[in-house]
Amino acid sequence: MHKLYLYLLAAAVIINCSSAQAQTIVLAKDTPLVPQGWSVANANLEFKKDTSAQLNDDGQVITGVLDADTYLRPAGWRYLINDCYLTTSTNIFGPPFFHHPPVRNNIVLPTYQHLRYKGNTAVTFDASGCVLSGTIDDTATLQLQPDKYGFVTFKAGTRLTFYPAGTAASGTLAKDYRLRPSGWQANINGLADGFLEFKSGSDIEFTADGLVSTGTLKKAAFWTQPDNTVIQLPKNIPIVFQNGTAKFTAPEEK
């Protein structure tokens, strides 16, 4: 996942700052900065002191460390399902001069396709001002493939990344999911039409079209390699799926 994050960061820098070299500054204090791609500035959006911020040639933020928990729009906002959040409010409504004991109520408010990102963590913005990579403070449920039914919930407190087109690139699964890995077409027999069960709480990476490229299985399964050899995929070990081939590193025997 670390390599994928570096790839996304490099892509953001190359695509969005092609006209000039990006610059990196160290913030002497909590500082309000404008992310690249924003048409309306927000003075309440501050980046943390004693951290580095990467700016484009216009002085706008590409990558920076948030000072506080902040609602921002992810690059995958079009595929975001849970477009609301739960909060507590004191009931102060009533006719004038009518006083009654305050009542605290749980209410649901819309987020307008935003996610809450954790303070003291880095976020990377794309050219339109949406977050390509950041640590989410709550769970996030996203449609996995734009033209197909199916949703995946990612765990709170973990880094969620997107491809520039908006599909999910990597995250941590909040539940067990039956998903198709890259190369599933050659593994239909005995694998429930190419689906494998990936483990809750494990890191996962997807191709741009929503197939698993790296993931951890909940149960062992058999897999047919491109040379028609059949291998057993282990559980609880990250497996890389690429060009129809499944690869993993077996743990050393103690």
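Modeller: Let us begin with a definition: a residue counts as buried when its relative accessible area is under 20%, as exposed when that area is over 50%, and as partly exposed in between. In this predicted model, 43% of the 254 residues count as buried. The protein exposes about 14100 Å², of which carbon and sulfur atoms supply 54%.

Biologist: How many helices and strands does the protein have?

Modeller: There are one helix and 23 strands. Of the contacts with a separation of 6 or more, 50% are accounted for by residues 24 or more positions apart.

Biologist: Why is Thr207 called buried?

Modeller: Its relative accessible area is 19%. The cut-off for buried is under 20%, and therefore Thr207 counts as buried. Thr207 is found in the loop between strand 18 (203-206) and strand 19 (212-216).

Biologist: What makes the pairing of Thr207 with Asp209 a polar contact?

Modeller: The side chains of Thr207 and Asp209 are joined at 2.3 Å. A polar contact requires N or O atoms within 3.5 Å, one able to donate a hydrogen and the other to accept it, so the pair qualifies. Not counting residues up to four places away in sequence, Thr207 also touches Tyr163, Ala168, Ser182 and Ser213.

Biologist: Which class does Thr214 belong to, buried or exposed?

Modeller: Thr214, in strand 19, has 17% relative accessibility; this value is under 20%, so Thr214 counts as buried. Beyond four places in sequence, Thr214 touches Asp203, Ile204, Glu205, Ile239 and Val240.

Biologist: Why is Arg116 called partly exposed?

Modeller: Arg116 has a relative accessible area of 30%. Because this value lies between the 20% and 50% limits, Arg116 is partly exposed. The residue lies in strand 9 (residues 115-117).

Biologist: Which residues does Arg116 contact, leaving aside its neighbours within four places in sequence?

Modeller: The contacts of Arg116 are with Asp69, Thr70, Tyr71, Thr135, Ile136, Asp137 and Asp138. With Asp137 there is a polar contact of 2.7 Å between side chains; the limit is 3.5 Å, so the distance meets the criterion. From C-alpha to C-alpha, Arg116 and Leu72 are 6.3 Å apart in space, although 44 residues apart in sequence.

Biologist: What makes the phi of Gln113 and of Asn236 worth a remark?

Modeller: Most residues other than glycine have a negative phi. Gln113 is not a glycine, yet its phi is positive, about 60 degrees. Asn236, also not a glycine, has a positive phi of about 65 degrees. Gln113 is placed in the loop between strand 8 (103-110) and strand 9, and Asn236 in the loop between strand 21 (230-233) and strand 22 (238-242).

Biologist: How do you know that Gln113 and Asn236 are partly exposed?

Modeller: The relative accessible area of Gln113 is 24%, and Asn236 stands at 42% relative accessibility. Both values fall between 20% and 50%, so each residue is partly exposed.

Biologist: What is the volume of the largest pocket, and which residues are the closest to its centre?

Modeller: The largest pocket has a volume of about 330 Å³. It is lined by 16 residues, of which Leu144, Gln145, Tyr149, Arg180 and Phe195 are the closest to its centre. Strand 13 (151-154) and strand 16 (177-179) are the elements that give two or more residues to the lining. By type, the lining residues comprise eight nonpolar, four polar and four charged.

Note on methods
Residues numbered from 1 in each chain as written. Predicted model: local features only at pLDDT ≥ 70, side-chain atom pairs only at ≥ 80, totals over all residues. Heavy atoms only, no water. 1 Å grid on protein atoms, 1.4 Å probe; cavity = no way out; pocket = protein on both sides within 12 Å on 5 of 7 lines; lining within 4 Å. Points joined across faces, edges and corners; volume = space filled by probe spheres on them. Helix = DSSP H or I, 4+ residues; strand = E, 2+ residues; numbered from the N terminus. Nonpolar A, V, L, I, M, F, W, Y, C, P; charged D, E, K, R; others polar. Buried < 20%, exposed > 50% of the residue type's maximum accessible area, 1.4 Å probe, protein only. Contact = heavy atoms within 4.5 Å. Areas by Shrake-Rupley, 256 points an atom, 1.4 Å probe, with all protein chains shown as cover.
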